[in-house]
Each structure stands twice: as structure tokens, then as C-alpha cells.
Amino acid sequence: TPEILEKENHLFGVEDALLYMLKGARYGTGSTYYKAKNPEFGATITYYLKDSIQTMKQKRKKAEKTAMKKGVPIKYPTLEQLAAEDKESKPYLLFTITDSSGQIVRRMKTPAKSGVHRVVWNLRYPPTNPVKLPKKPFDNSGKGMPVLPGKYTVSMSKYIDGKATLLEGTQSFNVKPLNNTTLPATD
């Protein structure tokens, strides 16, 4: 809506997530084997960010480009400013998932780019194995234990130059088991 587009950021409602165990390829379908990409498993979190969060270097380059277009002399940065640009960590968004008692279940990082985006939580705790460098810089997959069914809450924060700032609102959602057994238990 136009109201959401005017805001700096917005966290949309999260639909209830179905909890089930993922399986590999099907066996015994003969020549009728069909394979297609499924939607990602887990809770899909949709968010809007009006403007990308820029680093000091990106801001400086943008100012230089504007000055060049206007024909104004470009001020060269000092050695301290260049060193600060090199030391600055890239900004990102941090999504924090908490359970009904307020305990943090998972944190997920994603780039701070403008527009409407989605990040999917795979309904798992972080892995307990030793930390390894991820193949992708924002790898939220993980192989931790699955969470229990229940109510969970997600919040969004921006992380700029070592400081996290909580952004607008939180959204609650339920994790529900997919009860599709042939002979369900009576108790």
C-alpha cells in the first residue's frame, strides 16, 4: 500500500508454518517419475526496506558522483577516513526468532538491500557442531534440531558499524505439525 511504501521499513505478517520431515526422491514411480522445485521449507518472513543501508565508502562515492555532475571540486578523503572505511563491516539485517517464553531460538542475517524481500527460517535451532565458514556469506540453512510446535515471534534489526537497532514491530506465527498419518494415535 502507499502507506507502507512511505515507511522506512515494514515487517509483514508471517503465515503459520507446517512442521514435517523432508524426504529425498520418491521410489517406485516407474516411468512416471516427476521432479520439480518445491517452495522452501519453513516459515517465510517477508519484509520491506525503503532504502539500502550504505557503508561509508558507498556514501562517499555517491557524494563524489553528485559533485562531479554539478561540476563542484571533489574533496579527497583523509587517510583516517579511508582507514575507517576499510575497517567498517558491511551493514546487514538481523532477524531474531523467539519462542513463547521469550528465549532466542535463532538469528538470521540477510543483506540490507532496498525493496521487498523474503527470508525463510527452516524451523531449526542453530547447529551445535563446531563453527565452519559458510559457503555463502548469508547462509541461514543449518542442520540443528527441529523446534517444537508452538507460537514464535520474529523481530527485525539493522546492524550498522557494530551497532544493532531494533526496527519496527514484531510478528507472531505458529509452527504446526503436519498431521497426515494414515493411522493416527488415539493419545
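What share of the contacts in the chain with a separation of 6 or more is accounted for by residues 24 or more positions apart? Such pairs account for 65% of those contacts, a contact being heavy atoms within 4.5 Å. The structure is a predicted model, in which local features need pLDDT of at least 70, side-chain atom pairs count only at pLDDT 80 or more, and totals for chains, interfaces and linings use all residues. Residues are numbered from 1 along each chain as its sequence is written, and side-chain values use heavy atoms, with hydrogens and water left out.

The chain contains three helices and eight strands, in the sequence order α-β-β-β-α-α-β-β-β-β-β. Helices (H or I, at least four residues) and strands (E, at least two) are DSSP runs, numbered from the N terminus. Of the 187 residues, 27% count as buried; buried denotes under 20% relative accessible area, exposed over 50%, and partly exposed the range in between (1.4 Å probe, protein chains only). The chain exposes about 14200 Å², of which carbon and sulfur atoms supply 55%. Accessible areas come from the Shrake-Rupley method with a 1.4 Å probe, and for residues only the protein chains shown count as cover.

Helix α2 covers residues 56-70, and its end C-alpha atoms are 21 Å apart, in agreement with the 21 Å that its 15 residues should span at 1.5 Å a residue. The expected span is 1.5 Å times one less than the number of residues. Gly71, with a positive phi near 80°, follows α2.

The axes of α2 and α3 (residues 79-87) come within 8 Å and cross at roughly 130°, so α2 is oblique to α3. Angles under 35 degrees count as roughly parallel, over 145 as roughly antiparallel, 65 to 115 as roughly perpendicular and the rest as oblique. Axes are lines fitted to C-alpha atoms, for helices over the stretch in contact, with angles from 0 to 180 degrees between N-to-C directions. Met56, Lys57 and Arg60 of α2 and Leu82, Ala84 and Glu85 of α3 make the contact.

Most residues other than glycine have a negative phi. Leu123, in the loop between β6 (115-121) and β7 (150-160), has a positive phi near 60°. Leu123 is buried, with a relative accessible area of 1%. Ile104, in strand β5 (residues 104-111), is partly exposed, with a relative accessible area of 44%. Leaving aside neighbours within four places in sequence, Ile104 is in contact with Thr96, Ile97 and Thr98. Ile104 and Thr153 are 49 residues apart in sequence, and their C-alpha atoms are 9.5 Å apart in space.
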